[in-house]
Amino acid sequence: MSMRLLLSVTGALFSVACASAPPYQGVAAPELFEIAQGAFDVGDYEEAQEAFDRFLISFPSNDRAPEARMLLAEAYFSDEQYITALSEYRRFLNRFPDHASAPDAALGMCRSSAALSPNVQRDQSYTAEAENVCSNVAVDYPGTRAADEARETAGQMRHKLAQKLHEIADYYFRRKFYDSAIIYWEMIEEQYADTELAPAALLGIMQAYEEIGYDDLVEEARQKILDVYPDSEEARGLGSNASALAAPSGGVR
């Protein structure tokens, strides 16, 4: 083999080896962290994810590993990769449960779950999961900013779940499937009595009973609205006359 050919082959093999080498290989921990942090700060989340991931693989016991793990989760969240962000926040909590950033990681799980919640017309499995995750954060980190925000987000998720049931009930009511409508409104009354849709559900039940002809149950539902939700729009609409019906939020009439 000629020297020129040998040098050409050697150069090609070196290029292949460099191309297949892991990114940031050989970069020291302080420099690699700074690269990742710099990318995150300027919004280059793809590079930040790659650099933080390499940092954690190469230096898992480094003193800044918890910070890198948290920023990796934040990079995925900022990049709207919410499923991956949720996984990374959970990984942080599993590995560093007593870290000072644990409440923020838990809140990140709540935010990521809530971000996955779709509009109310679609399946609400992600919404139910978000309500559960956020409620747990509120319980697990009492007295923190994370708990306050998580509690508020859980309430928003509960309202959306109740709204989904209300829309299903309204669908059945409009098609005169009154028994089916009552079932879904009763689910709101039983499971989401703390939401503003609870009195609307009771009013829907009352209207359905009126359509069926159950006068005693109409009066029972009307009185319950006045007793339990006296300040609600539904109660004000009812007044003292059983026939003074106003449409629930979202409308059944």
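Predicted model: local features only at pLDDT ≥ 70, side-chain atom pairs only at ≥ 80, totals over all residues.
Now for the build. Of its 253 residues, 41% count as buried. And what about contacts between residues with a separation of 6 or more? Residues 24 or more positions apart account for 53% of them.

Next, the inside. In soluble globular proteins, nonpolar side chains tend to be buried together.

| Core | Residues in the core | Some members |
|---|---|---|
| Largest nonpolar core | 38 residues | including Phe52, Phe55, Tyr89 and Leu93 |
| Another core, apart from it | 28 residues | among them Ala201, Leu202, Leu203 and Ala221 |

In the largest core, Phe52, Phe55, Tyr89 and Leu93 are the residues with the most contacts inside it. Which elements give two or more residues to this core? They are helix 2 (29-41), helix 3 (45-58), helix 4 (65-78), helix 5 (82-95), helix 6 (102-115), helix 7 (125-140) and helix 8 (145-174). Helix 4 gives the largest share, with 8 residues.

Leave aside its neighbours within four places in sequence, and you'll find Leu93 in contact with Ala102, Ala105, Ala106, Met109 and Tyr141.

How values were computed:
Residues numbered from 1 in each chain as written. Heavy atoms only, no water. Core = buried A, V, L, I, M, F, W, Y, C linked by side-chain atoms within 4.5 Å. Buried < 20%, exposed > 50% of the residue type's maximum accessible area, 1.4 Å probe, protein only. Helix = DSSP H or I, 4+ residues; strand = E, 2+ residues; numbered from the N terminus. Contact = heavy atoms within 4.5 Å.
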